[in-house]
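Try each task on your own before reading its solution.

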There are 2 protein chains.
Amino acid sequence: MPLNEFDLIARYFAGLTPARDDIRLGIGDDAAVVSVPPGHDLVIATDTLVAGVHFPPDTDPVAIGHKALAVNLSDLAAMGADPAWALLALTLPEADAAWLAAFAEGFGRLASESGIALIGGDTTRGPLTVTVTVHGRVPEGQALTRNGARPGDAIYVSGGLGAAAAALALREADADPDALQASRLRLDYPEPRLALGRALRGLASAAIDISDGLLADLGHLCQASGVGAEIDVDAVPRHPALTQLVRGDDTTWYDWPLAGGDDYELCFTVPDAAQSRIAAVAESTGIALTRIGEITPGEGLECRHADGSAFRPGAGGYQHFGP
Amino acid sequence: MPLNEFDLIARYFAGLTPARDDIRLGIGDDAAVVSVPPGHDLVIATDTLVAGVHFPPDTDPVAIGHKALAVNLSDLAAMGADPAWALLALTLPEADAAWLAAFAEGFGRLASESGIALIGGDTTRGPLTVTVTVHGRVPEGQALTRNGARPGDAIYVSGGLGAAAAALALREADADPDALQASRLRLDYPEPRLALGRALRGLASAAIDISDGLLADLGHLCQASGVGAEIDVDAVPRHPALTQLVRGDDTTWYDWPLAGGDDYELCFTVPDAAQSRIAAVAESTGIALTRIGEITPGEGLECRHADGSAFRPGAGGYQHFGP
């Protein structure tokens, strides 16, 4: 199998990603041709995973396929977009049929669940690198952005944080195997918050996915909006697996949820007038939404404990701390 | 400079790619937001270049920036699309400011010439790999495809072929330095045939770019169209640099233009009724268009010399020969 023939590689994906009637021409020509219905904007993101950098070398190829798409869908979720089409640029050391079938299985399962179709790509020989480009749709002018947060807006985060960072750090550790396994699932099979992003259209004033870590990404949101934030570090929701693996007096209790990264949850801000609708969104999506602080005038993040005392960040992982 | 912050990397591109009024949100959020005007289809392609595979390690980063975009624009040209937006996924061993500035210069110059704006991307640490995803527009239903060739259609190719393959093969050779330099320019700075692609809308019955080599890509076109082809291998236009570097009785005289690859020219088919318009297209675009054969019923490529005798392909580079 020639590795530079994407048509051949794409056979592994046949039937695994959905058919869509907005695709005029899919895989097999110089480019794909698609149509965007009137009244909609197109949302486009791309993200690369490099072996040994973004996933451990022993990662199951099913998980690599899942995660390569998931990290991209997470960007669409943060914009409130409905997934439509994906392209896959796959650099592989060799054309390994078993690896490709497993990768396609992971990619295809999530694509099916998300309604996103694979419409094109490229395969090249080289060190294992996966770049996915995703396209989604939003009603015109309704994309969620980073720059709409205003002083007084409440800050929310979805799900529970810190488990993916724990999985990475504790891979070789002697710890509760069930909790390790649960945290490893968070690292390898992140679930993009697409339904939540959709539900936040017209409700959130700003949104971002927190793949770089909560504080770093909230810092990006604040910078884009020209505001600051006050965070209660004890209110930040921990993933259940983290609470089993780490004690509250360990610095990682704070480090991992605040700065560990690889949490594909959404952080978003909500104006006062819309607060009352948040509980309904949590219920309809089945995703926990936790209020962790408030947007302030000025700039920078101020982190406090529940008792009001100042929080001092730990040694590692805070290079992005502040605006 | 943190290598995972595309916003920072993107500063090198600031002002180098054009502003466009169909971009609602460019670099700096989780995703870009763009709008497609009614009555248009969207054309999307992605291509990866890997160091040491797609360009020699000693390649000037200006050329890498140019070529990474050019090979993608060539796919848009083959579809007859007008370039609109690009995303750049850049994997780099280190954040080298001089390298990035040079890369951005090459990418930006071609982007400006082509009217394509950089709207997003990702940067990661790892072995040098460049994936570009491009988006173009065509009037609804007017994209050029591979599958419309019919028996009796004439086969044309643009420009002159074989120089890029010569540049790769003769890098260390003792040959005419001016011709070597000219062929190296074809390898490093391919010119996507965008104006030609546009002019072929409604005129060509099928089109493809011949990055994999003329015979391989014409084979793809024939296969997609369910037809065969007869080619006069002596009519295939050679690039002037090739004619200086190679003698007509050398096997490379045929091998490189027919199968060398890295020629970002277009091969296209034209029905009888439209033949008379080809000369005007060549004149308006300033690109030589050479008739090299004819589409036949059945399947497979039949290659003949000008005198009608059968052409037997050389040893190397013909693995894609035939359908």
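**Ground rules**

This is a predicted model, in which local features need pLDDT of at least 70 and side-chain atom pairs count only at pLDDT 80 or more, while totals for chains, interfaces and linings use all residues. Residues are numbered from 1 along each chain as its sequence is written, chains are lettered from A and ligands numbered from 1 in the order in which they are written, and side-chain values use heavy atoms, with hydrogens and water left out.

**Exercise 1. Describe the size of the contact between chain B and chain A.**

Step 1: Collect the residues in contact, that is, with heavy atoms within 4.5 Å. Chain B gives 54 residues and chain A gives 54 residues.

Step 2: Turn to the area. Interface size is often stated as the accessible area lost when the parts come together. Buried area here is the accessible area (1.4 Å probe) that two parts lose on being put together, summed over both. For chain B and chain A this is about 4,100 Å², with 55% from carbon and sulfur atoms.

Step 3: Find the leading contributors. B:D30, B:I44 and B:R146 supply 16% of the area that chain B buries against chain A, more than any other three residues.

**Exercise 2. Work out which polar links join chain B and chain A, and which elements of chain B take part in the contact.**

Step 1: Count salt bridges, each a side-chain nitrogen of Lys or Arg within 4 Å of a carboxyl oxygen of Asp or Glu. There are 8 between chain B and chain A. One example joins the side chains of B:R24 and A:E140, at 3.5 Å from N to O.

Step 2: Count polar contacts, which are pairs of N or O atoms within 3.5 Å; within protein, one must be able to donate a hydrogen and the other to accept it, and residues adjacent in sequence count only if both atoms are side-chain atoms. Between chain B and chain A, 16 residue pairs are in polar contact (both at pLDDT 80 or more).

Step 3: Assign elements, using DSSP runs numbered from the N terminus: helices (H or I, at least four residues) and strands (E, at least two). Elements of chain B that each supply at least two residues to the side touching chain A include β1 (23-25), β3 (40-50) and α2 (61-79). The largest share, 9 residues, comes from β3(B).

Step 4: Check strand pairing, which requires DSSP to find at least two bridges between two strands. Strand β2 (residues 32-34) of chain A pairs with β3(B) in the antiparallel sense over 3 bridges. Within this pairing, A:A32 has B:I44 as its bridge partner.

**Exercise 3. Characterise how domain 1 of chain A meets domain 2 of chain A.**

Step 1: Domain 1 of chain A covers 6-139 and domain 2 covers 154-304. Their centres, taken over C-alpha atoms, are 25 Å apart.

Step 2: Size the contact. Domain 1 contributes 25 residues and domain 2 contributes 19 residues. Together they bury about 1,700 Å², 56% of it on carbon and sulfur atoms.

Step 3: List the links. The two domains share 5 salt bridges. A:K67 forms a salt bridge with A:D262, with the closest N and O atoms 3.3 Å apart.

Step 4: Find the main supplier. α2(A) provides the largest share of the side of domain 1 that touches domain 2, 12 residues.

**Exercise 4. Identify the strands of chain A that pair with β11(A).**

Step 1: Strand β7 (residues 154-158) pairs with strand β11 (residues 289-296) in the antiparallel sense over 5 bridges. A:V157 has A:T290 as its bridge partner.

Step 2: Strand β9 (residues 228-232) also runs antiparallel to β11(A), joined by 4 bridges. Here A:E230 is partnered by A:E294.

How values were computed:
Domains from an automatic or database assignment.
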